[in-house]
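I opened this entry to keep track of what I looked up. My notes follow in the order I made them.

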Amino acid sequence: MKISNFFSKLEIQFFPYILLVTSLSFCKNPSLENPCDPNHSVYYEILLSKIFSGNMGNHCGANINKVIAPIFFPSPGHYTEPNFITITTITPGATIYITTDGTTPNSLSTPYLSPSSIWRLAGQRIRAIATKVGMEESAISEGTYSILPLKTGQTTSYTVGDDASIGSGLTINYAEPKVDQIFPNDYTTIDQSTGIIWKTCSEGLSGPTCAINSPGVTTGGLATFNTSCLSLNSANSGKGYSGYTTWRLPTMQVKLLSLF
């Protein structure tokens, strides 16, 4: 009888704890029923649906009448392989403007038109803004990229540690010559590592195999080459060689190291 009473007391004493454990074992995370919760599965579906349908009314307190900030791809950072930077915004019909000197971009800045190689923009602070008539301009996005330098092309090694012996950096990678669809006599070649577009033939030469020679141009001095190069910008009735009006002679950049 005493033993029976002892267990009865234990049952009464521990009953609340047994009930609590049993309740917890059946607990589940409550399903999200509020579509305005960013964690809800349909939150972004509704948001994007409203944006693409032209409904600029607020979405759960969020101002949809504001252009979505530009997105950089690939993400800013350091790269060891050639790549091109693409800047987009999911707001339909928006125009992106950029600066590369750290200044604040606006509708008077350079419009973003096409991807540019990381090599050309490496080390520059790229800032981008997106605008659309009738909407509030986007927030500013920014990023900085870096990439390995180009190989110098030196093949003869004169001492241990020079460019030829180390051979580090990006290799220049020229694509096959491309004929312009509008100007079939104009051939260009792109360096896929830097994104730089070159006139396929050396100045003074032309044609699909660079066999056509313009006497006096291939043997001229710097002034002759400069004049001939600039004439490319006025070719094709002012539309430029292969449709480009920004041709120039390549220049060499020299960096001096301070000893102090």
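**Salt bridges around one glutamate**

I started with Arg125, which counts as partly exposed because its relative accessibility is 37%. The model is predicted, and I read every value with that in mind.

Next I looked for the partner of Arg125. Its side chain meets that of Glu142 in a salt bridge, 3.0 Å from N to O. Arg125 sits in strand β7 and Glu142 in strand β8, so the pair ties together parts that are 17 residues apart in sequence.

I then checked Glu142 itself. Glu142 is partly exposed, because its relative accessibility is 39%.

Arg127 also reaches Glu142. Their side chains form a salt bridge of 3.1 Å, N to O. This pair links distant parts of the chain, with Arg127 in strand β7 and Glu142 in strand β8, 15 residues apart.

Is Arg127 buried or exposed? I found it buried, with a relative accessible area of 13%. The cut-off for buried is under 20%, so Arg127 falls below it.

I noted that Arg125, Arg127 and Glu142 are linked in a network of salt bridges. A search of the whole structure gave two salt bridges.

**Strand β7**

Strand β7 covers residues 125-131, and six of its seven residues are buried, so the rest of the structure largely encloses it.

Which strands pair with β7? Strand β4, residues 95-99, pairs with β7 in the antiparallel sense over five bridges. Strand β8, residues 141-144, also pairs with β7 in the antiparallel sense, over four bridges.

Ile98 stands opposite Ala128, and Ala128 stands opposite Ser141 in β8.

I noted Thr131 as buried because its relative accessibility is 15%. Leaving out residues up to four places away in sequence, Thr131 touches Val67, Ala94, Thr95, Tyr97 and Glu137.

**A surface patch**

Ile172, Tyr174 and Trp198 make a nonpolar surface patch of about 290 Å². Ile172 lies in the loop between α4 (163-166) and β10 (178-179). I logged Ile172 as partly exposed because its relative accessibility is 37%.

**Whole chain**

The protein chain has five helices and 14 strands. Buried residues make up 26% of its 260 residues. Of the contacts with a separation of 6 or more, 46% join residues 24 or more positions apart. The accessible surface comes to about 18,000 Å², and 60% of that belongs to carbon and sulfur atoms.

Notes
Residues are numbered from 1 along each chain as its sequence is written. This is a predicted model: local features need pLDDT of at least 70, side-chain atom pairs count only at pLDDT 80 or more; totals for chains, interfaces and linings use all residues. Side-chain values use heavy atoms; hydrogens and water are left out. Buried means under 20% relative accessible area, exposed over 50%, partly exposed in between (1.4 Å probe, protein chains only). Helices (H or I, at least four residues) and strands (E, at least two) are DSSP runs, numbered from the N terminus. Two strands pair if DSSP finds at least two bridges between them. Contact means heavy atoms within 4.5 Å. Accessible areas come from the Shrake-Rupley method with a 1.4 Å probe; for residues, only the protein chains shown count as cover. Patches are made of residues with over 30% relative accessible area and no salt bridge: like charges are joined within 9 Å, nonpolar side chains (Val, Leu, Ile, Met, Phe, Trp, Tyr) within 5 Å. A salt bridge is a side-chain nitrogen of Lys or Arg within 4 Å of a carboxyl oxygen of Asp or Glu.
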